[in-house]
Amino acid sequence: MESRTLGPLSVSSLGLGCMGMSEFYGSGDDSESIATIHAFLDAGGTLLDTADMYGPFTNELLVGRAIAGRRSDVVLATKFGNERREDGSWVGINGRPDYVRAACDASLQRLGVDHIDLYYQHRVDKTIPIEDTVGAMAELVEAGKVRHLGLSEASADTIRRAHAVHPITALQTEYSLWEREPETKVFPVLAELGIGFVPYSPLGRGFLTGQLRSPDDFAADDFRRHSPRFQGENFTRNLQLVDRVKELADEKQCTPAQLALAWLLAQGDHIVPIPGTKKRERLAENLGAAAVELSAGDLARLDELAPAGAAAGARYPHMASIDT
């Protein structure tokens, strides 16, 4: 697998999102999930993405088991800031400096490592100055517990203020053929400051694979049952977008998922998508995106098929937690 850079950090051109192995997308199989992580590393992948709130906490434990004995093969990213209790209940967004330090220590212990390569603030705490939160994160770098800092779902202004305290290596925000909002306000700031970009949900939470044809396709505990884009008329309208993308994928002799990931890879060498999966079969399909070549004409056609704002419905039931 080819390498790309997020700021000064070298990673594989595709990462692996581990969230769904533990929560949000129905039940999982830890053995298959660990085998999937191993297959990713064996294929030359390096960037593994997790967070303390996934599970909660169990996803970091799972990733820690999977990378035991292979730490040198991994660029390990995790996150803090969405605070949850052991029973899964939500506390809220927390960017207090004392919490930053405590959350990092807990993640290191669960992951079984002595440092985190890329440590993100998962959501911006609007009650705490970003300078205070990033200042505490910078202390973790000085202590050797963290190598690089990241933000997730941060606005252009927040990114600038954070970067003035300590260099920000990467921004992680939802971005795909059906969510293109970062292009207008955020991308220019990332280019100016030399910050890498990590799109999460690069396959539209699975929708862009073309495999989901009805809300009934989701398990009872799948959070997409409550996502506006997967409800009623929105679902029907978004299927039309997916079917348009599938037409071009058929012409290119690739899957819709591979086309969607290839489009992301073509948006810039500073972009490293992290498609999530808990199965080796799906991983192999995703990695095949690197072999899909898109011409200028293909890219222009995709811009017409899936223009900014084409997706129907908000991407979360409650958007108040997103820093805009």
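## Ground rules

Helices (H or I, at least four residues) and strands (E, at least two) are DSSP runs, numbered from the N terminus. This is a predicted model, in which local features need pLDDT of at least 70, side-chain atom pairs count only at pLDDT 80 or more, and totals for chains, interfaces and linings use all residues. Residues are numbered from 1 along each chain as its sequence is written, and side-chain values use heavy atoms, with hydrogens and water left out.

## Overall build

The protein has 10 helices and 11 strands. Its C-alpha trace spans about 50 × 40 × 40 Å along the principal axes.

Contact means heavy atoms within 4.5 Å. Take the contacts between residues at least 6 apart in sequence: 75% of them join residues at least 24 apart.

## Surface and charge

Of the 324 residues, 57% count as buried. Buried means under 20% relative accessible area, exposed means over 50%, and partly exposed lies in between (1.4 Å probe, protein chains only). The accessible surface comes to about 13200 Å², and 49% of it belongs to carbon and sulfur atoms. Areas come from the Shrake-Rupley method with a 1.4 Å probe; for residues, only the protein chains shown count as cover.

The protein carries 33 positive and 46 negative charges, and their mean positions are 2 Å apart. Lys and Arg count as positive, Asp and Glu as negative; His and the chain ends are not counted. Each charge is placed at NZ of Lys, CZ of Arg, CG of Asp or CD of Glu.

## Cysteines

A disulfide is a covalent bond between the sulfur atoms of two cysteines. Here the test is a pair of cysteine sulfur atoms within 2.5 Å. The structure holds 0 disulfides. For cysteine 104, the closest cysteine sulfur is in cysteine 18, and at 18 Å it is too far for a bond. Cysteine 104 is buried, at 0% relative accessibility. Cysteine 254 is buried as well, with a relative accessible area of 11%.

## The loop between E4 and H2

This loop runs between strand E4 (47-49) and helix H2 (58-67), and proline 56 lies in it. Most residues other than glycine have a negative phi, and most peptide bonds are trans. A cis peptide bond joins glycine 55 and proline 56, with omega at about -5 degrees. Phenylalanine 57 lies in the loop between E4 and H2. Its phi is positive, about 75 degrees, although phenylalanine 57 is not a glycine. Phenylalanine 57 is buried, with a relative accessible area of 15%.

Methionine 53 also sits in the loop between E4 and H2. It counts as buried, at 6% relative accessibility. Beyond its neighbours within four places in sequence, methionine 53 is in contact with Glu23, Phe24, Asn82, Arg84, Trp90 and His122. Methionine 19 is 34 residues from methionine 53 along the chain, and their C-alpha atoms are separated by 9.2 Å.

## Other buried loop residues

Glutamate 153 lies in the loop between strand E9 (146-152) and helix H5 (156-165). Phi of glutamate 153 is near 55 degrees, a positive value in a residue other than glycine. Glutamate 153 is buried, with a relative accessible area of 3%.

Arginine 205 is in the loop between strand E11 (196-200) and helix H7 (232-252). It is buried, with a relative accessible area of 6%. Not counting residues up to four places away in sequence, arginine 205 touches partners including Glu174, Phe223, Arg224 and Arg315.

Leaving aside neighbours within four places in sequence, leucine 294 is in contact with Lys252, Leu259, Ala262, Trp263, Leu299 and Leu302. Leucine 294 and alanine 262 are 32 residues apart in sequence and 7.4 Å apart, C-alpha to C-alpha.

Aspartate 30 is found in helix H1 (residues 30-42). It counts as partly exposed, at 39% relative accessibility. Not counting residues up to four places away in sequence, aspartate 30 touches Met21, Leu62 and Arg65. Aspartate 30 and tryptophan 263 are 233 residues apart in sequence and 31 Å apart in space, C-alpha to C-alpha.
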